[in-house]
Amino acid sequence: MKKPVIVTSRKGDKLEIKISAVPGWDGFDKLVFFLVKHYAAVIKAEYDGPDARRWILECKGKTIELIHDDMFGNYLFSP
């Protein structure tokens, strides 16, 4: 059974989560929409390339990064 979300690393206050339930490029936009709508996230920066995306968002006073890589899927980082 495939887990929808996997915590891949946790070091102190830093957190890395693989979002396997929404793996594709199109899923990235759905994740951003979800965070904005349900958690009042604010988009601070957008970096889009041909095979990867990295958006920086602020949510409840915390900075988070949503990253998509064609080889690895979607990840959420809390730096």
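These notebook entries record what I looked up in one predicted protein model.

**Entry 1: Ground rules**

I worked with a predicted model, in which local features need pLDDT of at least 70 and side-chain atom pairs count only at pLDDT 80 or more, while totals for chains, interfaces and linings use all residues. Residues are numbered from 1 along each chain as its sequence is written, and side-chain values use heavy atoms, with hydrogens and water left out.

**Entry 2: Elements and overall values**

I began with the secondary structure and found one helix and six strands. Their order from the N terminus is β-β-α-β-β-β-β. Helices (H or I, at least four residues) and strands (E, at least two) are DSSP runs, numbered from the N terminus.

I then looked up burial and found that 32% of the 79 residues count as buried. Buried means under 20% relative accessible area, exposed over 50%, and partly exposed in between (1.4 Å probe, protein chains only).

The protein exposes about 5,600 Å², and carbon and sulfur atoms supply 58% of that area. Accessible areas come from the Shrake-Rupley method with a 1.4 Å probe; for residues, only the protein chains shown count as cover.

Among contacts between residues at least 6 apart in sequence, 34% join residues at least 24 apart. Contact means heavy atoms within 4.5 Å.

**Entry 3: The nonpolar core**

How many residues does the largest nonpolar core have? I found 13, and those with the most contacts inside the core are I19, L57, I64, L66 and L76. A nonpolar core is a set of buried Ala, Val, Leu, Ile, Met, Phe, Trp, Tyr and Cys residues joined through side-chain atoms within 4.5 Å. The elements that give two or more residues to this core are α1, β4 (52-59) and β5. Helix α1 gives the most, with four residues.

Residues up to four places away in sequence are not counted here, and I64 touches L35, W55, I56, L57, C59, L76, F77 and P79.

**Entry 4: The largest pocket**

The largest pocket has a volume of about 430 Å³. Its lining has 18 residues, of which I17, L35, C59, I64 and L76 are the closest to the centre. On a 1 Å grid over the protein atoms alone, a pocket is an open set of points where a 1.4 Å probe fits, with protein on both sides within 12 Å along at least five of seven lines; lining residues have an atom within 4 Å of a point. Grid points are joined across faces, edges and corners, and a volume is the space filled by probe spheres set on the points.

Which elements each supply at least two residues of the lining? I noted β2 (14-18), α1 (25-39), β5 (62-69) and β6 (73-78). The lining divides into 14 nonpolar, two polar and two charged residues. Here Ala, Val, Leu, Ile, Met, Phe, Trp, Tyr, Cys and Pro count as nonpolar, Asp, Glu, Lys and Arg as charged, and the others, Gly among them, as polar.

I located E16 in strand β2, where it counts as partly exposed at 22% relative accessibility. E16 and L76 are 60 residues apart in sequence, and their C-alpha atoms are 5.8 Å apart in space.

E65 lies in strand β5 and counts as buried at 15% relative accessibility. Leaving aside neighbours within four places in sequence, E65 is in contact with R54, W55, I56, Y75, L76, F77 and P79. E65 and E16 are 49 residues apart in sequence and 9.6 Å apart in space, C-alpha to C-alpha.

Y39 is found in helix α1 and is partly exposed, at 37% relative accessibility. Residues up to four places away in sequence are again left out, and Y39 touches F34, C59 and K60. Y39 and C59 are 20 residues apart in sequence and 6.6 Å apart in space, C-alpha to C-alpha.

Where does K60 lie? I found K60 in the loop between β4 and β5, exposed with a relative accessible area of 70%. K60 has a positive phi of about 55° although it is not a glycine.

A40 also has a positive phi of about 55° without being a glycine. A40 is found in the loop between α1 and β3 (42-48), and is exposed with a relative accessible area of 55%.
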